[in-house]
Amino acid sequence: MGDSSNLDLISDLPQSIIESILTRLPIRDAVRTSFLSSKFRYRWAALTHLVFDEDCVPLSNDRALFEDKLINFITRALFLHQGPIHKFQLCTSYLQSCPEIDQWILFLSRKDIKELVLELGESEWIRIPSCLFKCNKLICLELFRCELDPPPTFKGFMCLKTLNLYQVFVASDAIESLISSCPLLENLSLSYSDSLTLNIYAPNLKYLCLEGEFKDICLQNTPLLIAMSVAMYMTEDIAEHMQQSSSCNFIKLLGSVPYLEKLTGRIYFTKYLSIGDDRGRLSVTYSHLKIIELYQVSFEDMKEILVVLHLITNSPNLKELQISGSSNTLAAMEATDLDFWDKECPSPCLFERLKVVKMTEMSGVPHEMEFIKFLLERSPVLEVMSIMPCPSVMDGRLNMLIELVRFRRASARAEILFIQC
């Protein structure tokens, strides 16, 4: 029997176990394993996933010194690396635009990179080098706070399935060209975009998230879209542009999404959809749509109410509905056209699968209450309707509650929850 104290248990581990250990360690610790045993020496250099952040080097009060150490660590790690790199992720608030970033991306373009995530400091945006567009095997691309300008010779990312751009400065024609030149694109997220006019041609797109200042959005070819979330920030210029538009925004955005399952419309979404007068010609039935979430709906704007009605009455399999109000209480309280509900609501309409309704930021104004009444009367399998009044509404809460109790319910099991914040 040998002396057990001399056994090198770490070196005797199978290579597959060593690789499994290394993939679960932060890159800083993975590099340090070179000192554990001969079998571990430089094994980290074959890792296909490299994730760098501010923990790669010791923190320092000297920002310039810390940046230099981080840059040297990443550069050395790439220099020593052997084999393909499938994922490269860099997330730090310290690094700003520097020549090394261009060199790293050039290096990665020759390493069969499949997933690239760059999230750098907020004070200065980086300009993405043209060599990025030579990463022909990219499957996932996430960029934060940068400038993107595809070169004229760029033919597209033939393998790209996920594209996430956050605070990325890019021209409208450039982003449209980029999207349309990714034939396998399934996930698209554009956040904090600035005054874009966006036409999306993406026949395989399934998930879409848009947030920013959009002058116009048109889904030209997105037949497979499953879920979409849209938030639109309004400026005076964009508001003026929208009001001058003669086309129907509802049709441009929701006219070609027959397989949509979840729709989330945030700030100014219903306002945007209400512009244009051709909704009556829309023949789309959203047979797969099960969840609708609409925020900041103005119940003093009859066009916005029509948008909501058009959506829910053309969604026969709707199960969950969430709506938050954003009414000018004084103007909405003066509503006189309450016969609108008899004129515009199709009499045979029933929400035969609607089980959950959540109403928040409710002010108790006439059209809000009529909408709640409409839902209760037309939802035979409704289980729960929760209503949360707007914090600013104090005096009218009792009247809201009294009125709610009087409404007829198509579902005997329907429970009304009046939630006071």
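D112 is partly exposed in this predicted model, with a relative accessible area of 35%. The residue sits in the loop that runs between α4 (99-108) and β3 (115-119). Its backbone is worth a look, as D112 has a positive phi of about 60° although it is not a glycine. Most residues other than glycine have a negative phi. E361 is another non-glycine residue with a positive phi, here about 55°. E361 is found in a strand, β13 (residues 356-362). With a relative accessible area of 33%, E361 is partly exposed.

The helices come next. I17 belongs to helix α1 (residues 15-23), and together with I21 and L25 it makes a nonpolar surface patch of about 200 Å². The relative accessible area of I17 is 37%, so this residue is partly exposed. Helix α3 (residues 63-80) includes L80, which counts as partly exposed at 22% relative accessibility. L80 and A46 are 34 residues apart in sequence, and their C-alpha atoms are 9.1 Å apart in space.

Side chains of opposite charge can pair when their charged atoms come close. R63 is partly exposed, its relative accessible area being 38%.

A search of the whole structure finds 10 salt bridges. Among them is the one between R127 and E147, whose closest N and O atoms are 3.3 Å apart. R127 lies in strand β4 and E147 in strand β5, so this pair ties together parts of the chain that are 20 residues apart in sequence. E147 is partly exposed, with a relative accessible area of 29%. K262 and E293 form a further salt bridge, with 3.9 Å between the closest N and O atoms. Here the partners are K262 in strand β10 (residues 262-265) and E293 in strand β11 (residues 291-297), so the pair ties together parts 31 residues apart in sequence.

K319 is placed in the loop between α9 (302-313) and β12 (320-325). At 39% relative accessibility, K319 counts as partly exposed.

The aromatic side chains remain. A pair of aromatic rings is described by the distance of the centres and the angle of the planes. The count for this structure comes to 9 aromatic pairs. One of these is F133 with F154, an edge-to-face pair at 4.9 Å centre to centre and 65° between the planes. F133 lies in the loop between β4 (126-127) and β5 (140-147), and F154 in the loop between β5 and β6 (162-169), so the pair ties together parts that are 21 residues apart in sequence. Both F133 and F154 are buried.

F133 has a second ring partner, F157. The centres of these two rings are 6.0 Å apart and their planes are at 15°, so the pair of F133 and F157 is stacked. This pair links distant parts of the chain, 24 residues apart: F133 in the loop between β4 and β5, and F157 in the loop between β5 and β6. F133 counts as buried because its relative accessibility is 7%, and F157 counts as buried at 0%. Elsewhere among the aromatic residues, ring pairs link F52, F73 and F88 into a cluster.

Notes:
Residues numbered from 1 in each chain as written. Predicted model: local features only at pLDDT ≥ 70, side-chain atom pairs only at ≥ 80, totals over all residues. Heavy atoms only, no water. Helix = DSSP H or I, 4+ residues; strand = E, 2+ residues; numbered from the N terminus. Buried < 20%, exposed > 50% of the residue type's maximum accessible area, 1.4 Å probe, protein only. Phe/Tyr/Trp six-rings, centres within 6.5 Å; stacked < 30°, edge-to-face > 60°. Patch = residues over 30% accessible without salt bridge, like charges linked within 9 Å, V, L, I, M, F, W, Y side chains within 5 Å. Areas by Shrake-Rupley, 256 points an atom, 1.4 Å probe, with all protein chains shown as cover. Salt bridge = Lys/Arg side-chain N within 4 Å of Asp/Glu carboxyl O.
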